[in-house]
Amino acid sequence: MEVLRDAALEDKALSVATSGEYMMHTTWQCSLAGEEIARLYSWGNDHQQKGDYQRASPCSMTDVPQSVLEPILVEAATESGAEFRFNTEFVAQEPIDGGRIRATVRNRASGDKFHVLSRYLLGCDGARSAVFASTGIPIIGKQLNNAFNVHIESDLSNYFKARPGGLS
């Protein structure tokens, strides 16, 4: 949120974000309706550490899923002159004159390859980034777990009435 504040996008993000109070705990349980094994305060909600959180950041913890935040970022970047090409896959990069970069990309639908010239190359392509791999910088460490997101619309409130939590 601090980065969004610096980019003058904090208010827009807050207008669509889920407040941190709705992410009070992380719980471990056998199923949505099953036995709760453990519960911890999370996402800046431990009342005994409130001062620590406030000193650490002027922003409050919120949740804005990528599917909601990305259109805000794309709109702001487009207004600043950026171009976006969705459904496009990075293939390779090479430095060219004047400190610019020529990226080879592929349209995933047609398979056609084309070049994009830029001053910067941003690897916003996840943990196994093809952009990062193309730099030759070694990654030290190992993958600790797998995570995935599933977007559904369903009323699950009856499972969380007695035990709200951000991650269950």
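Where does Ser129 lie? I looked it up: Ser129 is in the loop between E7 and H5.

**Ground rules.** I'm working from a predicted model, where local features need pLDDT of at least 70, side-chain atom pairs count only at pLDDT 80 or more, and totals for chains, interfaces and linings use all residues. Residues are numbered from 1 along each chain as its sequence is written, and side-chain values use heavy atoms, with hydrogens and water left out.

**Overall fold.** I get six helices and seven strands for the protein chain, taking helices (H or I, at least four residues) and strands (E, at least two) as DSSP runs numbered from the N terminus. Along the sequence the pattern reads α-α-β-β-β-α-β-α-β-β-β-α-α. Of the 168 residues in the protein chain, 19% are buried. My cut-offs, with a 1.4 Å probe and protein chains only: buried is under 20% relative accessible area, exposed is over 50%, partly exposed is in between.

A polar atom of the Ser129 side chain sits 2.8 Å from the backbone nitrogen of Phe132. I count a polar contact when N or O atoms pair within 3.5 Å; within protein, one must be able to donate a hydrogen and the other to accept it, and residues adjacent in sequence count only if both atoms are side-chain atoms. I then checked Asn45, in the loop between strand E3 (36-41) and helix H3 (50-56). Asn45 is buried too, with 12% relative accessibility, and a polar atom of its side chain lies 3.0 Å from the backbone oxygen of Ser42.

E5 (residues 88-96) and E6 (residues 100-107) pair antiparallel over eight bridges; pairing takes at least two DSSP bridges between two strands. I noted two bridge partners in E6: Thr104 for Ala92 and Ile101 for Pro95. Three residues separate the strands in this hairpin, and Gly98 there has a positive phi near 70 degrees. E6 also runs antiparallel to E7, joined by six bridges, and Arg106 stands opposite Lys113 in E7. The E6 and E7 hairpin has five residues between the strands, with Gly111 at a positive phi near 85 degrees.

**Aromatics.** How many aromatic pairs did I find? The count is one: Phe84 and Phe86, stacked, 6.1 Å centre to centre and 10 degrees between the planes. The rule takes rings of Phe, Tyr and Trp (its six-membered ring) with centres within 6.5 Å, and calls planes under 30 degrees apart stacked, over 60 edge-to-face and the rest tilted. Phe84 is partly exposed at 39%, and Phe86 is exposed at 52%.

**Largest pocket.** The volume comes to about 1400 Å³. Of its 30 lining residues, the closest to the centre are Glu83, Phe84, Arg85, Leu122 and Cys124. On a 1 Å grid over the protein atoms alone, a pocket is an open set of points where a 1.4 Å probe fits, with protein on both sides within 12 Å along at least five of seven lines, and lining residues have an atom within 4 Å of a point. Elements giving two or more residues to the lining are helix H4 (66-79), E5, E6, strand E7 (113-118) and helix H5 (130-135). H4 gives the most, with six residues. By class I have 18 nonpolar, five polar and seven charged residues in the lining.

Technical notes: Grid points are joined across faces, edges and corners, and a volume is the space filled by probe spheres set on the points. Ala, Val, Leu, Ile, Met, Phe, Trp, Tyr, Cys and Pro count as nonpolar, Asp, Glu, Lys and Arg as charged, and the others, Gly among them, as polar.
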